[in-house]
Amino acid sequence: MSKSARQNTNLATAGEPIVGGLRRRELLQLTGAALLGVPLLSAEAPQNLSSPLQTIAGTSTTPDLLFVRDHFKEPDVSLEKWSLRIEGAVQKPYQLGFADLVELPSLKLEAVLECAGNVANGSAVSSGLWEGVGLAALLEAAHPDADAVAVLLEGADSGRLFDDCPALPYSQIVPLTKCNDAESLVAYKYNELALPKRNGFPARALFPGWYGMNSVKWLSRIRLLRESDRETTFHQSGMNRLYNRVTQNDGAEQITRLSGIQLKSVLAWPTNQLKLPAGRHLVWGFAWSGANAIRKVNVSSDRGETWSEAKLDSAANGRGWVRWSYPWLATPGDHILMSRASDSNGNQQPLQRDPTRKDAYELNWCSPVHCSVL
Amino acid sequence: MSLIGVRRFIAACSESAAMKGTIALVFCCTLAIAADCNTQLNPQQKLAEFKRLDAAAETAMQQHRPSEAIELYAQAVCLVPNSARGFYGFGVAEAAAGRFLQAREAFRMSDQLQPTTGMPLLMQLRVNYSLQDIDALKANLREAAERFPQDAELHSALARFLAEKNLFVLALAESIRSQQTANDTNTKLQLAVLENTVGAYDDALRQALSLEQRTDAPKEMRGAAAGVAGLSYESLHNSEQGVHYLQEAIDLDPSQENSYLALADLLEQMQKYTAAVKVLEQGRRYLPESRAILLALGADLVRAERYQEGINALRALLREAPDTAEAYIALADAARRMGDPSEELAALRQLERVSPDYPMLHVLIARCLLNKEPADYAQILHELAIAAKRNPTDPEVFFLQGKAYTGLERYDEAASALQHSIELRPLDPGPYYQLARVYQKLGKGEAARQQFERVKYLESNAVK
């Protein structure tokens, strides 16, 4: 018997029905409760979770499969007590609660979120429909000073990043121009549901097109900064030492702050080292870029010697990813599969890591997937 | 109405603070043209006439004649343009007639004429929902928060309305506002339910457990709180606590059908079918009329291998509610487990009669027919042809086709169907094995060996 037939559960029967019409299992699924083997919430240690991309059925990552990369222990944020303070280089600092936030006009958009340290064929990447309040409108309501140039975003999670640094809240600094982008949000919903707790409930920053570290989770404070504001939690905590692009050319080291997501594609299936019977198999995966639309994905089954064009199964929706597929006629033997994306500006995903790079971020080269076919 | 009358009416409207906007002015003009009000009456006569029109309009509304009510209210507010009640009734009539833009304007007028009550604002919000104008709906919520910050009842009513419309996050926001001013148990319970609904399980648990422990609260309330706690624990994958609190919900308030169903469901997930049966039997004693409990009990008796009792329960249910599709599925399940394909087929045919579009129905029938002796392959292929038409990418359909053709010794067709099944689901060893046997029948020894090798290969594959 299908279980759903008997689960119209509304236990708040002392008052009027609250959850009318929805069956409980459907509701639990809707609210992301049906976790697929993912560890529990309220973790004691920083979480580092992601699910294989092959588990994504359509074009969107379900809330229970959203990747998690924490720096500190997940904070115990109470919904009723949560507030977001906007202050710093402003004329009218203010604070708003969850109810105030969600009742403001909101924007929905598809966006990819990728960890800057996601490995070449890694799964620390998710895409779906976000909803939130425009960060620009929230800042504007505080009447920023004319000389405000950047925004410090602080989460409710805190800890010590380095031995020589004090325990401080997680924080990032984002240029005011980026915060004023129409797409920059304080997000409180994902795929039409409240954010999962481990993904920043009740609200987080969201900078579509940028790597995930700037999209501060459990957002609790926004402080506008002037050029002269140097002593922030961002600097004191040592966060300024992380998430930098380090290149070395002729012995000279250059350091720049990471921001936009690099052009990338991944093979979701087959997974590495999979054994396959000979025959036709549908190879598939995802492709995305922080700045431009995906135009094409090519697939190779001979380590990049030859390439064939894959079919784009979904259109690039805003800043979301594209799902692609390719019917591969697998012949007996060992194969090395690769995918390679191109964007609307004619950029191609690199075949190899830039040898001048000395950091471990923006790992977007075409990664080989080994497959043996019988 | 004469032109002079129209001008007077518009002038009266314009004096009202409500009439500043163009839309409102247009609305007023519409009223003026629609209504033929007698401006010659003295104030007392106007009031008497207003009361008569108002009563007639109410009667029209009660008798589901909103168009007539609209006309009567139009005349009423034409006579007394500063009547909040008149505009409120007018808005209700317009909304009932599905004229939501006009209804919104009428409620706006009513609100501005009598800004001390939240009802017109609540009605504007309902109309905005009907218009799917969520930005305007949110503006209503902000206005309610600003103008009625202490009105817990209004915010609670807003929360209920929004929850009914599945706008759970907004409902939660209003419930939080309500809780901030009214710290009563009803509000706390509403908040706990909504927190659980949106996935704020820790918050839901905090609220629900504090309520459940309040011995001064009514048992029904504590039972509902225990139920919320049970569901939140379940969502947090703490099944043992989930069971504990759902049982607590039943103990505190045995009259709630959903508590039995939720607990039995959780026990099913834990594969504790005997315990689930016990819970549902308890539910039957308290709620003997509940068909949902009877259905669940029948299915769980089957799962607990008490087949005949399960069948009896399901048949009892079908005597009362012969269209219950899930009961036929459970009956078919019982028959299959008892090794009785004829009974299984009978149950599935009854299901076909009451629910011909039931998902995978024809695959289930074909699978059942394959187990019957002698197998009716023509019928099986007929069922599978229907299934393939409905879902041409279901590999199971072609796998079963392969088996049916094999039974008919039509090996080439069997091989073709199995190859198609493999294309659709290349990592399932079943079709390879079946294909190997078909190749053997065709005398293709090498091809058969290759397929057997692939079966072994796939079975050794650490597919994630």
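Select helices H13 (residues 219-235) and H15 (residues 257-269) of chain B in this predicted model. Their axes cross at roughly 20°, and because an angle under 35 degrees counts as roughly parallel, H13(B) and H15(B) are roughly parallel to each other. The axes come within 11 Å, and the crossing is left-handed. To see the contact, show B:Gly227, B:Gly230, B:Leu231 and B:Glu234 on H13(B), then B:Ser259, B:Ala262 and B:Leu266 on H15(B). By class, this set has three nonpolar, three polar and one charged residues.

Next, select helices H25 (residues 429-441) and H26 (residues 445-459) of chain B. Here the axes lie 8 Å apart and the packing angle is about 160°. Angles over 145 degrees count as roughly antiparallel, and H25(B) and H26(B) are therefore roughly antiparallel to each other. The crossing of H25(B) with H26(B) is left-handed. On H25(B), the contact is made by B:Pro429, B:Tyr432, B:Tyr433, B:Leu435, B:Ala436, B:Tyr439 and B:Gln440. On H26(B), display B:Ala447, B:Ala448, B:Gln451, B:Phe452, B:Arg454, B:Val455, B:Leu458 and B:Glu459. The class count for this contact is 11 nonpolar, two polar and two charged residues.

Now move to helix H21 of chain B, residues 361-370. This helix is mostly covered, with nine of its 10 residues buried. The buried residues are B:Leu361, B:His362, B:Val363, B:Leu364, B:Ile365, B:Ala366, B:Arg367, B:Cys368 and B:Leu369.

Colour chain B by pLDDT. The chain averages 90, and 91% of its residues score at least 70. Then select residues 1-23 of chain B, where the pLDDT is below 50. Beyond near neighbours in sequence, this stretch has 34 contacts in the model. Where pLDDT is low, the predicted coordinates should not be read in detail.

Switch to chain A. Secondary-structure colouring will show five helices and 23 strands. Of the 374 residues in chain A, 50% count as buried. Among contacts in chain A between residues at least 6 apart in sequence, 69% join residues at least 24 apart.

Finally, display both chains. For the complex, the predictor gives an ipTM of 0.81 and a pTM of 0.82.

Definitions and conventions
Residues numbered from 1 in each chain as written. Chains lettered and ligands numbered in written order. Predicted model: local features only at pLDDT ≥ 70, side-chain atom pairs only at ≥ 80, totals over all residues. pLDDT = per-residue confidence, 0-100. Contact = placed C-beta atoms within 7 Å. Axes fitted to C-alpha atoms, helices over the stretch in contact; angles between N-to-C directions. Helix = DSSP H or I, 4+ residues; strand = E, 2+ residues; numbered from the N terminus. Parallel < 35°, antiparallel > 145°, perpendicular 65-115°, else oblique. Left-handed = near helix turned anticlockwise from the far one by under 90°. Nonpolar A, V, L, I, M, F, W, Y, C, P; charged D, E, K, R; others polar. Buried ≥ 20, exposed ≤ 12 C-beta atoms within 10 Å, placed from the backbone.
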